[in-house]
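Hi,

Here is the structure for you to look through. Please open it first, then read my notes below.

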Amino acid sequence: MEPQVKTRPASRARGRRLGAFVFLTPGLTYLLVLMLVPLALVLSYTVFQRGRFGGVVYEFTTENFSRLLDPLYFDVVVQSLKIAVLTTVIALLIGYPTAYLIAQLPRKWKTIALVAVVLPFWTNFIIRVYAWIILLSGPGLINSALNVFGIEPLELLYNDGAIVTGLLYSYLPLMVLPLYAAIERLDPQLREASANLGASAFTTFRKVTLPLTLPGVLTGSMFVFVPSLGNFVIPELLGGSKSIMVGNLIRQQFLTARDWPFGSTLALAVIAVLIVLLMIQAWVTRRA
C-alpha cells in the first residue's frame, strides 16, 4: 500500500503539469507566432539596407539608427510624444472625476454609466473618426452653431487640436475603466478615518485616495498613451497633411517609400520607448 500512496501525489502532479501545458500551448503559440516572430523580423531588418527599388538588401549597416537623429524624423517623434502625453493628461483629468462619480453611484446606475462609457466601442472606429470630420469641418455642426451667435468659423480641423480631440474621444474609456476598478476596490473606511482625524476633503484625496488608486492611474495612462503614440488613422484623417505622427511615418516607410529597414528602425524606437514606460509603470506599481 505504501508505494501506491507515494505514486498518487506524483501522478496528480504530472497530470496538473500536463493539463497546464495543454491549456497554455494555444496562447503561447499565438504569442510566439504573432508577436515574437514579427518582432524578431523587425529587429533584424534594422541592420540591413534598402534595395534600389525597395525591399531589403542583406548588407550590414548602422545608417538606419543615425537617421533617427535627423531633425526631419526626430521632430516627428518628439511631436508624437507631445500629442500622446497631452492626450493622456487630458484623459486623466476627465477620466478620474468620471470614474470617481461612477463609483459613488448606486449599483443599478453604475451598470448604466459603465455601459454609457463603453458605448462608443460598439460603433466602427472609422465611422467615429469620420463623425468628427463632420463636426469639426468648416461647414460642420460646431461652426454652424457658432455662426448662429455671429461667431466667425474656426479652424477646428486639420491641426493638432483635432488630432488630440479624436484620440481623446477614442481612448477615454480605456482611462475610465481602470480608474473605476481601482476606486471601486478602495475601502471607504479609510476615507472616513481620514475625515474623522480632521483632514479636509482635498487632503484625504491627496494622501489617501490618490496614492491607493495610483496603480489604476498608471494602467489607464498606459492604455491611452500607447495607442495614441502609434495611431496613424486619426492623424491622417483629422490632422491632414499639416500634422504627421510617428505611426504615419512608419506606415509611409513601409508602404510608400518601401524603406523597410528604416521603417523597422522607427518601429523599434517606438517599442523601446514603450518598454521603458512599462518598466517605470511596474516599478511605481510595486512601490505603491
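A helix here is a DSSP run of H or I with at least four residues, and helices are numbered from the N terminus. Keep in mind that this is a predicted model.

Start with the largest pocket. It holds about 220 Å³ of space. Which helices each supply at least two residues of its lining? They are α3 (71-104), α10 (214-230) and α13 (260-287). The lining residues include T88, V89, L92 and L93. Also among them are L218, S221, M222 and F225. L277, I280, Q281 and V284 line the pocket too.

Next, the salt bridges. The count comes to three. One of them joins R67 and D259, with the closest N and O atoms 2.9 Å apart. This pair links distant parts of the chain, 192 residues apart. R67 sits in helix α2 (residues 63-67). D259 lies in the loop between α12 (246-255) and α13.

Last, the surface. R12, R14, R16 and R17 form a positive patch there. Of these, R14 is found in helix α1 (residues 2-45).

Best wishes

Notes: Residues numbered from 1 in each chain as written. Predicted model: local features only at pLDDT ≥ 70, side-chain atom pairs only at ≥ 80, totals over all residues. Heavy atoms only, no water. Patch = residues over 30% accessible without salt bridge, like charges linked within 9 Å, V, L, I, M, F, W, Y side chains within 5 Å. Areas by Shrake-Rupley, 256 points an atom, 1.4 Å probe, with all protein chains shown as cover. Salt bridge = Lys/Arg side-chain N within 4 Å of Asp/Glu carboxyl O. Lys, Arg positive; Asp, Glu negative; His and termini not counted. Charge placed at Lys NZ, Arg CZ, Asp CG, Glu CD. 1 Å grid on protein atoms, 1.4 Å probe; cavity = no way out; pocket = protein on both sides within 12 Å on 5 of 7 lines; lining within 4 Å. Points joined across faces, edges and corners; volume = space filled by probe spheres on them.
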